[in-house]
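Subject: Structure for your review

Dear colleague,

I am passing on the structure we spoke about, and below it you will find my notes. Please read them alongside the coordinates.

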Amino acid sequence: AVLSLALALLASVRQRRRQLALLKALGLTRRQVRQVIGWQASIILVTAAIIGVPLGIAAGRWAWSSFAASLGVVPVTVIPGAALLAGFIALLLAGNLLTAVPASVAARTTPAVLLRAE
């Protein structure tokens with residue numbers, strides 16, 4: 001999932017080169033361009049977690065209760081909150097680390113060359 005995020009961000013940077021060049025021409029520094037890409041990755045990951053965690057919990061409960069019912073045992077579901085939080089933090093850190101390549105590509109855009117074509 002994190003690798004697909006990095007590829008999606010790289011494709012997004014390539015698509016939005018002119019927009020990023022315009023922002024750099026208006027005064028954004030390389031660091032600010034990197035931060036824009038980092039925030040984009042963070043927002044994508046948080047949105048995916050907000051949607052995916054409840055759906056995963058619901059699907060896990062349904063699967064466990066149907067499996068437990070077939071065994072004839074009482075379906076007790078325990079949701080490990082600390083493990084979910086640790087997994088989310090690890091995903092956020094890994095996602096932001098993998099955005100270093102697309103962010104550096106975006107930061108190296110030269111506004112004069114890209115905007116000359118327009």
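Ile-37, once its neighbours within four places in sequence are set aside, is in contact (heavy atoms within 4.5 Å) with Leu-9, Val-13, Arg-16, Thr-99, Pro-102, Ala-103 and Ala-106. This is a predicted model, in which local features need pLDDT of at least 70 and side-chain atom pairs count only at pLDDT 80 or more, while totals for chains, interfaces and linings use all residues. Residues are numbered from 1 along each chain as its sequence is written, and side-chain values use heavy atoms, with hydrogens and water left out.

Ile-37 also belongs to the largest nonpolar core, a set of seven residues whose other members are Val-13, Leu-20, Val-33, Ala-103, Val-105 and Ala-106. Such a core consists of buried Ala, Val, Leu, Ile, Met, Phe, Trp, Tyr and Cys residues joined through side-chain atoms within 4.5 Å, where buried means under 20% relative accessible area with a 1.4 Å probe, protein chains only. Helix H3 (30–71) and helix H5 (100–107) each supply at least two residues of this core, and H5 gives the most, with three.

As for the whole protein, there are six helices and zero strands, helices being DSSP runs of H or I with at least four residues and strands runs of E with at least two, numbered from the N terminus. The C-alpha trace spans about 70 × 25 × 20 Å along its principal axes, and 21% of the 118 residues count as buried. Among contacts between residues at least 6 apart in sequence, 83% join residues at least 24 apart.

With best regards

Methods. Buried < 20%, exposed > 50% of the residue type's maximum accessible area, 1.4 Å probe, protein only.
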